[in-house]
Amino acid sequence: MSFINEYISEEDVKNYGVKEAWRRISPGVAGSDYFPSEFTWTVDKEKDIYFIPMVSGREETSNQKICALWWKGTLLSVTLEKFGPPELAPNTIRWDLTYIWKPKDSTILDEDIKPVLREALLTYGARGIYKQRPELTVTFGF
C-alpha cells in the first residue's frame, strides 16, 4: 500500500489518536471540545504513518503549516512552508521543511523522516483530498 488521501473514519480517529494530536498541535483549541467534523488525512496504513496539516500561519506566514506526522505509534510535529506561483512556475509547488519536533525519548532520525514525508507530500499535493490536481508538480527544498 502507499499513501492515499481520504476522510478519516471515526474508528481511525480513535485508533490513531487523531483528536489527541489535534489538541496537542492546535494550541488555540486545546482544552475545548472542538474537533473538525470532516477530518482528512494522507495515510499509509501498511507503514502505520499518517500526515495531517493542522495549523496554518497568518498574514506574512500564511504559507507555513504545522502538521501532525504519526510515525508508527509516535506523534511528531513538522513545520513546513509551501511556495507556488508567482515564486515558481505555474502548476508547481515546493514544500520546505523548517522544523521537526519529536518526543525527547524518540530514536527516530530526521534523515529517516524526510523521504517518508516527501512521499506523503507527493500524495497530499496542494490540499490533499480537497484539491487534487494531477497536473501539479510537487518539489522539495529538503
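Mentor: Gladly! Three bridges join S2 to S3, which run antiparallel; strands are DSSP runs (E, at least two residues) numbered from the N terminus, and two strands pair if DSSP finds at least two bridges between them. This is a predicted model, where local features need pLDDT of at least 70, side-chain atom pairs count only at pLDDT 80 or more, and totals for chains, interfaces and linings use all residues. Residues are numbered from 1 along each chain as its sequence is written, and side-chain values use heavy atoms, leaving out hydrogens and water.

Trainee: Which residue in the hairpin of S2 and S3 takes a positive phi?

Mentor: Four residues lie between the strands of this hairpin. The positive phi, near 60°, belongs to aspartate 48.

Trainee: How many of the residues of S2 are buried?

Mentor: Buried means under 20% relative accessible area, with a 1.4 Å probe and protein chains only. Thr40, Thr42 and Asp44 point one way, Trp41 and Val43 the other way, and all are buried. S2 is therefore largely enclosed by the rest of the structure, its buried count being five of the five.

Trainee: Which strands stand at the edges?

Mentor: The open sheet has seven strands in the order S1-S2-S3-S4-S5-S6-S7, with mixed pairing. Two of them have a single partner strand each, so one side of each is left without a neighbour in the sheet: S1 (4-7) and S7 (137-140).

Definitions and conventions:
Buried means under 20% relative accessible area, exposed over 50%, partly exposed in between (1.4 Å probe, protein chains only).
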